[in-house]
Amino acid sequence: MLPPAEREPWREELERLDLAVYAAIAGTPTPRLDRVFRRVSVAADHSKLWLSSAALLAAFGGAAGRRSAADGLASVALTSAVVNLVLKPLGGRRRPDRAAHDVPTARYVVMPRSTSFPSGHAASAFAFATGVAADFPEAGIPLNLAAAVVAYSRVHTGVHYPGDVIAGSVAGGSLAPIAVALRRKRRRS
């Protein structure tokens, strides 16, 4: 473990990198993509995208689809609880100032009132994808791709720094196997 004096420069460098990537994305003109990422970001609000995906899996995926839909939703539930009740209060990071970084207003979605670190959208997205893939691996690739698009959309719309979505993605992908294991244990008993 690094002594306290050596820890701060690493943290400062990571924060500078995070801010530089955020600023680069904000400063890159992408008018056609702005609409797409704004819609994706809004579609993932309150896990609407994952609830819809679970409904499709349950309706058309047979027994494996129903199990994977339940695993995905259980993963989102566990992840949302941990992220919103534990990690966000511990992180305490303020949301980015979109105006100060010249994020185009055409990209704006409603700025959440919660803290920024980690991204709950990214966490839920990767939790759902990972949870579903445990029982339905064929769905893993497209759902992980969708999760990555949702995670990026949160930076593109200016409501998160890149580090927030990376941390959220890791949290969701890490907590999903716990939710799946708990569901499997419950099914066996």
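A: Helices (H or I, at least four residues) and strands (E, at least two) are DSSP runs, numbered from the N terminus. This is a predicted model, in which local features need pLDDT of at least 70 and side-chain atom pairs pLDDT 80 or more, while totals for chains, interfaces and linings use all residues. Residues count from 1 along each chain as its sequence is written, and side-chain values use heavy atoms, without hydrogens or water.

The protein has seven helices and zero strands. Its C-alpha atoms fill a box of roughly 50 × 45 × 25 Å along the principal axes.

Now look at helix H6, residues 140–156. Helix H5, residues 120–135, is one partner. Their axes (lines fitted to C-alpha atoms over the stretch in contact; angles run from 0 to 180 degrees between N-to-C directions) come within 8 Å and cross at roughly 175 degrees. H5 and H6 are therefore roughly antiparallel, a term for angles over 145 degrees. Contact means heavy atoms within 4.5 Å. On H5, the residues meeting H6 include Phe 126, Phe 128 and Val 132. On H6, Leu 143, Ala 147 and Arg 154 are among those that meet H5. The residues of this contact divide into 12 nonpolar (Ala, Val, Leu, Ile, Met, Phe, Trp, Tyr, Cys, Pro), one charged (Asp, Glu, Lys, Arg) and three polar (the others, Gly among them).

Helix H3, residues 48–60, also packs on H6. Here the axes come within 12 Å and cross at roughly 165 degrees. H3 and H6 are therefore roughly antiparallel too. Leu 49, Trp 50 and Ser 53 of H3 touch Leu 143, Ala 146, Ala 147 and Val 150 of H6. Six of these residues are nonpolar, one is polar and none is charged.

Key:
Parallel < 35°, antiparallel > 145°, perpendicular 65-115°, else oblique.
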